[in-house]
Amino acid sequence: MAASGDPVARWLVGSPGDDVYATYERIRARGPVVDSKAGVLAVTSHELCQTVLRDSRFGVRPADGSPVRNDPALPDVPGSLTGSFLELDPPDHTRLRRVAAPAFRPAVVRTWTPRIEAVLHHLMDEAEHRARHGADVDLMVEVAAPFPIAVVSEMLGIPDVDAARFARIGALAGQSLDGVRSPRQARALRAVGDELDTLFTRLLDERSREPRDDVISALASARDRDEATAADVVGIAGLLLIAGFETTVNLIGNGIAALHASPQTWYDLVHAPATAQAVVEETLRWDPSVQGTARVAHEQLELAGRSVPAGSTVLVLTAAANRDPLVYRDPFIFDPGRTGEVEHLTFSTGIHYCLGAPLARLEGEVAFRLLAERWSQLRLVPTTRRRPGATIRGYSHLPARL
Ligand code: HEM
């Protein structure tokens, strides 16, 4: 289908060599609501993406509440990877989001700033130490990946995290957002899902007996007060862990690459590290780590004059919406100096708006600020490598000289 010139099918393949932004323009050129032979509809405009994400006639599951499955022949994936409220419609979504929300309020997240800075300084110290012996630093492997993993693990209260192992789990879970496509992939997901289920069940029981000031303790207490079942809280913990790193890892990597592709923006940041927040927002708009999401029509409805049958899946290509020429001036230019434009849709909108947005923004701000302050001479070595996948976009390797 992808080879037959169907640009939506092409996007779904997620080939690392593709220029996805050119693919979005081919989809955009076909009209506001585009049919694909892959059996989905796709929208690319900021207005329509927003409409679909905010319209309660769309859900993340079919109207009967059955889970979205890629292939009934493939084995189920355990609760820590699939049982979260991201994959539930109201009223269950509303009830469970409420359990997780307090820990991610902006005011609570801000109290983490010194700790987040300390985590990154430590990783940068270690990378500098290695670079002293003449080695290149792989910014993905040594900085961008372990940083959010360490932060979110600490917030959750997971001890002794093996960052390399968690990075592999995150990459696997990120790929599964494009659909589970083979029994081998399903088996690998099942194994890590079982591992996380066991880890969270043990930690929840420990924190139930001896609460601490961490998110797992809050989830254990919600379970003990019957606000959520044991399976619900394992699902929430899994979501927070996975959503908390894969996305932010690639925000940092994509931002570094964007800054180095437009050197003036890097010089500007080095001269004014306090503008790091603007770099975060522009990276989220221009080269987002999450490129899109999907919704299922719960009833027959109209979208931009086109009839959408109940049960249709609509791909909401938020990364294309972020370059909508009706909304953004010079949308293809990476320009952290933009002002007065509407917010990008990278954190989604409506009831599933990213719960971790304040944390992701803070981690991104700390990362770009400290990189500019400490490594102003940073140069990427031109052997960067993109990872495969459509929904999550990022690099597997970003070698650099400090
Ligand atoms: C750059 C970083 C991030 C990006 C781009 C991102 C993106 C998103 C998007 C697009 C959604 C909604 C998907 C949809 O509408 O179908 C979402 C939901 C969510 N995100 Fe994030 N996220 C990021 C970081 C984080 C972090 C750091 C956390 C927490 C530790 C987090 C936790 C969540 C949760 C819990 C949801 C589910 C919200 C709901 O269903 O109500 N995210 N995120």
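1. Helices (DSSP H or I runs of at least four residues) and strands (E runs of at least two) are numbered from the N terminus. Just after helix α9, Gly-157 has a positive phi of about 100 degrees.

2. This is a predicted model, in which local features need pLDDT of at least 70 and side-chain atom pairs count only at pLDDT 80 or more, while totals for chains, interfaces and linings use all residues. Residues are numbered from 1 along each chain as its sequence is written, and side-chain values use heavy atoms, with hydrogens and water left out.

3. The protein chain contains 17 helices and twelve strands. Its radius of gyration (over C-alpha atoms) is 21 Å, close to the 21 Å from the globule rule for 402 residues, so the chain is as compact as a globular protein of that length. That rule is 2.2 Å times the number of residues to the power 0.38.

4. Of the 402 residues, 52% are buried, meaning under 20% relative accessible area (1.4 Å probe, protein chains only).

5. Helix α9 spans residues 146-156, and nine of its eleven residues are buried. Among them are Phe-147, Ile-149, Val-152 and Leu-156. The cover over these buried residues includes α7 (113-131), α10 (163-176), α13 (230-261) and α17, judged by contact (heavy atoms within 4.5 Å).

6. Which protein atom is the donor to the iron atom of the ligand? The single donor from the protein is SG of Cys-354, 2.3 Å away. Donors are N, O and S atoms within 2.8 Å of the metal (3.2 Å for Na, K and Ca); water is not among the atoms, so sites may look incomplete. Cys-354 sits in the loop between α16 (318-321) and α17 (357-374).

Note on methods: Buried means under 20% relative accessible area, exposed over 50%, partly exposed in between (1.4 Å probe, protein chains only).
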